[in-house]
Every structure is written in C-alpha cells, then in structure tokens.
Amino acid sequence: MSDAITDTQNLAKEKESAEVDIASGWQPPLWPLPRTAAVNNLANSLRSQGLTESSARTLSLASVRPDDMRRKLVEPAELRVQGGTLLIAETRLWSVAVLPHPANPREYGHRQYALGGSGTWGATITEPKSYASGVAELAMHVESPSVIAQRLESAKSRLVRDNPLAQDLAVEGVLQPLTVVSLNVTHEDGQPNRALLIAADGSSRISAAHDILGYEPSRIACEWIDDDRKLRSEVSRWVRLMQRQGWQNLTEDERRKLRVLSVPARVVVGFRPNVQADQAFHTAVRNFIGLTHIRPPRPYGPAVENEAKADAVLDNLAEPRPSGAAHITEAEKGWFAGTISEDEVTAAGLSKHRDVRAGEIVRSLLGGGLRTARRVNGGIRSLTAKQRPKREERVDVAVELILRPARTGTIADTKFLRPRRAVLQRAYRLPEIEDLSADVPQEGATAGGRTLEQLRDAALAEADKGLGDSGRLGPAQTELAVKAAFYMAMAEPMALQREVFGVGANDDRGAATVLRAMLSRRRGIRQAYEVVRSGRRGDALPEVDEAGTPVPTANGQPRSLTDAVVRHTYGGSPAPVPEARVGFKAASTSWATVRENVETLRRGVSTMERVPMEEDGPSLVIHEGWDPVQVREVRDSLDRVSRRIAAWADRYAERADESAEF
C-alpha cells in the first residue's frame, strides 16, 4: 500500500523535475530589433556580393545583427564541397524568416511522383535548380503559391513528427548553425516571385523552432516575407516583451520561445566552382546535403558516446554548487573516471574492490532520486542539449565508467566486454537503485562503515518483512544486488546473462527482474553475499544452498554458479511457506503480481505503439489513432482498478494520521 503513495509522489517529482530541467536552460542575450538603416546597408552589401534584389532584401531583414554580417561579407569564410567552394557568412537569423527545405531529401521515401499517376500536388514539386550562372541562389518553379505553401506545411509536419527536436531546443536553443541558402520561387499563375531563405542543412531544427513558436511556414512564405512591417513586428513583440519584463519574470513558455527566436546560421553568399568541374550551384548544394546526411562521417558509436558523456557528468558532479558542496570529491572523480592508480586509490582512503567502486558509481549517478538525476542530466545536456535525458542513458553512462578498468586490462576483448556491458546496463535499470541515498556511502566505501556481513544481515531482515515480494527491494537488498551483479556479469562463464527469447526459451526475464527474484529469498541473499566474497578474492563463484554453504559436485568441488542455475533456483515465484496465505507477506506477494501485470500492460502498449504503418514508417496508432469504443472499454476497466487501489492508499494515509495523533 505504501507503494501506491510512493508512485503518486514519484509522478509529482517527475513533473517537478521536468520544470526544473527546462528552467535551468540557456538564457539568450537580448538582441534588439535592428535599425532600418542597418538593414538597408546590409541589403546594399549583399547586392554588391552578387545576390539578387529580392534575396538581398529578405536576407537583410532576417539578420539579427546586420552590421556584423556586413563586416563578414568583406572576407567570407570558405566551405569546400565536391565540385566547388561555398562562400559563407556566419551570423544569426530571426527564425521567422527561415524555412525548411521544401524538397527536403529526408522525405524521399515518402514522396509522390507524377509517373505513379497520383495527380496530387505532391507529385508536381521539383528539385531546386541554380538561379543563374555566377549567382549563389537556387530557383524553383511551381504552379501557384499554394503549392509551395502546402509543400512547406507538409515538410514541417513530417520533420516534427519523424525527427522531434522541440524538447531539446526548448532548453538550449539551436546550437549548431543551419546552412541557409536563398531560394527564388516563380509561379505559373503569374503571382509575384518570392525569395525565401531555406535551410539546406537544418530543416528539422528550424521546423522544431517554428513548432515551439507556433509559426506556420506557409504564412511565413506567403505573407510575412512579402511584408517588411509584419516580419519586423513579429520580432519586435518578443524583443519588447523581454525588455519590459526581464528574463526572470517570463513564463517558461515565453522563455522557450525566446530561446529559438533566432538561430545561428552559415549563410551562403557566394559560390566558386572548380575550374575542371564547372559545376552548377544547385549541384554543389546537393553534394553538401549528401555529405552531411547521406554519407556523413562514421558515428563514434554508443560506447564512445557514453564515454564522452561520462566525463562531462563527472565534471558536473565534482563542481561545487552555490547551495552547497560538490556531489563527489576530486578523489572520487578520479576513482570513478579510472584516471588514478590503485596506489592513489588506497592513499585516498578509497576501496580497492571493483564491486565497491561499481556500487559507488551507481549510487552517485543513479541513486538519490531526482536531485541526482538533475545533476547527471546537466552533464549529459552539456554535450547533447537533450532536454531530459532518459534514465536508461544515465545507466549506460554509469556502466561505461564501471567498465573502464576492465577495458584497460588484459581482458579488453570486444567479445568479452560487449555481453557484460549489455547485462550491466539491464541489471542497473533496477528501479530500486533510485532510492539509494546519494549522500550515504555504501558498505566498504569508507573506513568505519558497515561490514559486508552486516549488509547481508540487513538484507535478510528486509526479506523477512516481505520486501522484494512486494515488487520492490529494500535498500540493503538493492545494494547487495548491485555488487553481486557486477561479479556475476564479469565472471567466466557469466552467472547473469541477458534474457533469452525465441524457440526453446523458457525464461525471458531481464537481468533486473532476475536480481529482484534472487534478493527476495533468504537463499538468494546468502548467494549474493558469497558472490561478493568470492569475487573480491578473485575466486570462481560457487552455488550455495539455503544455509549459504557451497553446493558440492560429485567429486567434492564447489559447483560453479551459472546463469541457468540462477534462473532455475530463483524463478520469480515466492517460496511456498505457510505464512504466505495470510497477512502482510501474502498481500505483498499478491501486490507483486499486480505490479508485474501492470508492467506487462505498459510493455504491451509500448509494443503496439511501435507498430509502423509501413516498413520504416511512423507509428500506426500515433498517426491514425484507434477505435474510441475499444479504447473507452479498456480505459473504463483501468479506471475502476485505479479507483480501487487509490482507496487503499487513502486508507493507509488515514491510518498513518490516526497513529500520529497518539
């Protein structure tokens, strides 16, 4: 029953965490609306650079700092691409004046073509061509303004859905510059031509910015670009708001919008083709897009990325806060990072045991609830700009730190490390780890703490109270699970492996679930204790019986602990003891079944949400929805169950209040 209260509190904390994470984001400078004279001077300079009248005007209106951009035109930077060199000026542009690429290559797999006979406007869109020889602008010919308007709306809609970046941009704004090119649009119906600024690279980012600001790209292209007053008025209202109220007095929604009001950009202002190639400008732009998205540099890979995040997280945790001391000491930072020798570890009063180091990394990066999560997320955000990194990402960072000594030693074999990384990542997703105190060192971390035997006895006492059977381990059980999991994963053969699926598989439980089942039993606690003892000695891990005595083989040698033995012995079902029929112990067992079924339901919903409309397509239910009648039937059942267990929580709280009165 206390779990129901805890779950409610956790939901409230998650909401609080989201607000704090966003509030700690970037505070942009107060960029004033440029003077009209500065805008006109920039337009003249752009015309002298070779841009057309309409493109020069649109670009000058889009510039946040026209004087600064005009100085950069004197000696533009060079960006080599296949077939030539793009001349660029790095500056900031108002988001209201930049649009996604109307023929964004990311949509190739979803485009309609005239040859297919669909007859829709989507089939008539063409690839941009070069505007004219010697001019660094693109050109596109369409039937009418509505064609480009529909195309831009479709591009934004798909980009926002398939490559969602709004949450990240809401915290840090756009970090990497967009590559912006002028696009001259002409119409068959005789409507006036327009010069648009499009993101040759960065359509997803500008679409996310528009999503936060509530902008419709069709309105930008068909109304604001043609009206200087409307465009400047849209920028001015946000600038005045910040001037009038100050950053601290803005709502969080207003802060989000101001973070993306402008974007960094590399504006293409010229093009110099290779003499031998004599390549057209539009081909050079297409080559640049291909180099960026189709044939980009090889990604670092998850392990390397987690390594980089780990160092950023440690820097953040070791940094003192205005409200108090750092989360970890400099000595602990070196210990966790693996950058100090074993002699230096001992001299610093830290443990030489690898499981203690693993436990302290887990406690410091994953324990302590929301306060720790915010600090770790701050380190991850410094590299990724993610609004709220997921818990799984924090676990992966912690595991990469834990594996550093193993990777450096003689066992730095990919075949050895890869399965162990996967198992530890699964094992340390045990939810109970969040409840470990981030400020109280674990067993063995410092002199004078409790012994391993005391940790074992505390875990046995928690199991006797039904903890674990209730679906959640106690703190001592959890700490022992973390330490035993390290040696069980690192053993050869592994005594804890990944879940097994497929034909013949009869145990598809994840590592965290297996650990919970094991640490819920007295025999399992004694087994975990013996695993840690043997692991610290460097011995093979033995299987133990109910008394904690190693189980002998036929020749009298201790039987090795294997994954199969662990899964068979601790199958997840409570031990058949008479007390399990009545009282708190029996209720805890039933509650574990409830939690397991809820988790099964959650996984089922997630699985259904991952079913695509087509191969590599978007989610069917997110895109198309589901029958309201069927949904209502399920929701009504869930509501009835929710009300019943909520009543248990209310009764628990009432009893607690009654006890407090006496």
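Two strands pair if DSSP finds at least two bridges between them. Strands (E, at least two residues) and helices (H or I, at least four) are DSSP runs, numbered from the N terminus.

This is a predicted model: local features need pLDDT of at least 70, side-chain atom pairs count only at pLDDT 80 or more, and totals for chains, interfaces and linings use all residues. Residues are numbered from 1 along each chain as its sequence is written, and side-chain values use heavy atoms, without hydrogens or water.

Q: In strand 8, which residue is the bridge partner of G84?
A: Strand 2 (residues 84–94) runs antiparallel to strand 1 (residues 77–81), with five bridges. There, G84 is the bridge partner of V81. Strand 2 also pairs with strand 8 (residues 262–273), antiparallel, over 11 bridges. In strand 8, the partner of G84 is P273.

Q: Which residue takes a positive phi in the hairpin of strand 1 and strand 2?
A: The hairpin has two residues between its strands. The one with a positive phi, near 100°, is G83.

Q: How many residues of helix 7 are buried?
A: Buried means under 20% relative accessible area, exposed over 50%, and partly exposed in between (1.4 Å probe, protein chains only). Helix 7 spans residues 203–213 and is mostly covered. Its buried residues include R205 and H210.

Q: Is the pair of W26 and W31 tilted, stacked or edge-to-face?
A: The structure holds five aromatic pairs (Phe, Tyr or Trp rings, six-membered for Trp, with centres within 6.5 Å; planes under 30 degrees apart are stacked, over 60 edge-to-face, the rest tilted). For W26 and W31 the centres lie 6.4 Å apart and the planes meet at 55°, so the pair is tilted.

Q: What is the relative accessible area of F486?
A: F486 and Y487 have ring centres 5.2 Å apart and planes at 70°, so they pair edge-to-face. Y487 is buried, at 10% relative accessibility. F486 is buried too, with a relative accessible area of 7%.

Q: How far is the charged end of R420 from the ring centre of F416?
A: A charge sits over a ring if NZ of Lys or CZ of Arg is within 6 Å of the ring centre and within 35 degrees of the ring normal. R456 lies over Y529, at 4.5 Å from the ring centre. For R420 over F416, the distance is 3.8 Å.
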